[in-house]
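Please examine the sequence and the three-dimensional structure shown below. The paragraphs that follow lead through the structure step by step.

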Amino acid sequence: GVRDHFVEYFNEAKSHGFDIQGMRTDSAKEYIEKRTFVDWLTDRGIIQEASAPHAQYQNGFAEVTMQQIQNNVRCA
């Protein structure tokens with residue numbers, strides 16, 4: 001699920017010296033209602049910021065940012 005994918009991403013970023021302090025997501029249920037995921041973020045001090053519901057224009061920013069981060073991690 002979402003948590004497993006993010007944990008993998010988190011560990012890869014950490015292995016390259018990147019410290020994830022925040023995460024911006026859309027308001028999909030898998031990001032805001034899954035307690036195991038939200039608790040995992042909270043336990044690591046990662047601040048989650050969700051976009052406004054039904055505001056698709058905000059999702060593009062999160063997707064572009066994640067792609068930039070992934071590109072930087074792969075290049076490091």
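A residue is called buried when its relative accessible area is under 20%, exposed when that area is over 50%, and partly exposed in between, with a 1.4 Å probe and with protein chains only taken into account. The structure is a predicted model, in which local features need pLDDT of at least 70 and side-chain atom pairs count only at pLDDT 80 or more, whereas totals for chains, interfaces and linings use all residues. Residues are numbered from 1 along each chain as its sequence is written, and side-chain values use heavy atoms, with hydrogens and water left out.

The overall plan comes first. The protein has four helices and two strands. Helices (H or I, at least four residues) and strands (E, at least two) are DSSP runs, numbered from the N terminus. Read from the N terminus on, the order of the elements is α-β-α-α-β-α. Of the 76 residues of the protein, 24% count as buried. The accessible surface, computed by the Shrake-Rupley method with a 1.4 Å probe, comes to about 5,500 Å², and 50% of this surface belongs to carbon and sulfur atoms. A contact means heavy atoms within 4.5 Å. Among contacts between residues at least 6 apart in sequence, 62% join residues at least 24 apart.

Helix 1 has 14 residues and reaches 20 Å from its first C-alpha to its last, close to the 20 Å expected at 1.5 Å a residue. The expected span is 1.5 Å times one less than the number of residues in the helix. Which residues of helix 1 are buried? They are Phe6, Val7, Tyr9, Phe10 and Ala13. Viewed down the axis of helix 1, these buried residues fall within an arc of 165°, so they line one face of the helix. The arc is that of the directions from the helix axis to the C-beta atoms. On the other side of helix 1, Asp4, His5, Glu8 and Ser15 are exposed.

Helix 3 is followed by Gly45, whose phi is positive, near 75°.

Attention may now turn to the interior. A nonpolar core is a set of buried Ala, Val, Leu, Ile, Met, Phe, Trp, Tyr and Cys residues joined through side-chain atoms within 4.5 Å. The largest nonpolar core has twelve residues in all: Phe6, Val7, Tyr9, Phe10, Ala13, Ile20, Met23, Phe37, Trp40, Leu41, Ile46 and Val73. Helix 1 (2-15) and helix 3 (35-43) each supply at least two residues of this core. Helix 1 gives the most, with five residues.

The strands come next. Strand 1 (residues 22-25) has a covered face, made up of Met23 and Thr25, and an uncovered one, made up of Gly22 and Arg24. Two strands pair if DSSP finds at least two bridges between them. Four bridges join strand 1 to strand 2 (residues 47-50), and the two strands run parallel. Within this pair, Arg24 stands opposite Glu49 in strand 2.

At 67% relative accessibility, Gly17 counts as exposed. Although Gly17 and Val73 are 56 residues apart along the chain, their C-alpha atoms are separated by 9.2 Å. Phe18 lies in the loop between helix 1 and strand 1 as well, and is partly exposed, with a relative accessible area of 37%. The C-alpha atoms of Phe18 and Ile69, 51 residues apart along the chain, are separated by 9.7 Å.

Ile69 has its place in helix 4 and is partly exposed, with a relative accessible area of 34%. Its C-alpha atom is separated by 8.9 Å from that of Ala13, 56 residues away along the chain. Met66 also lies in helix 4 (residues 56-75), and is partly exposed at a relative accessible area of 27%. Met66 and Thr25 are 41 residues apart in sequence and 9.8 Å apart in space, C-alpha to C-alpha. Which residues does Tyr9 touch, not counting residues up to four places away in sequence? Tyr9 touches Ile20, Met66, Ile69 and Gln70.
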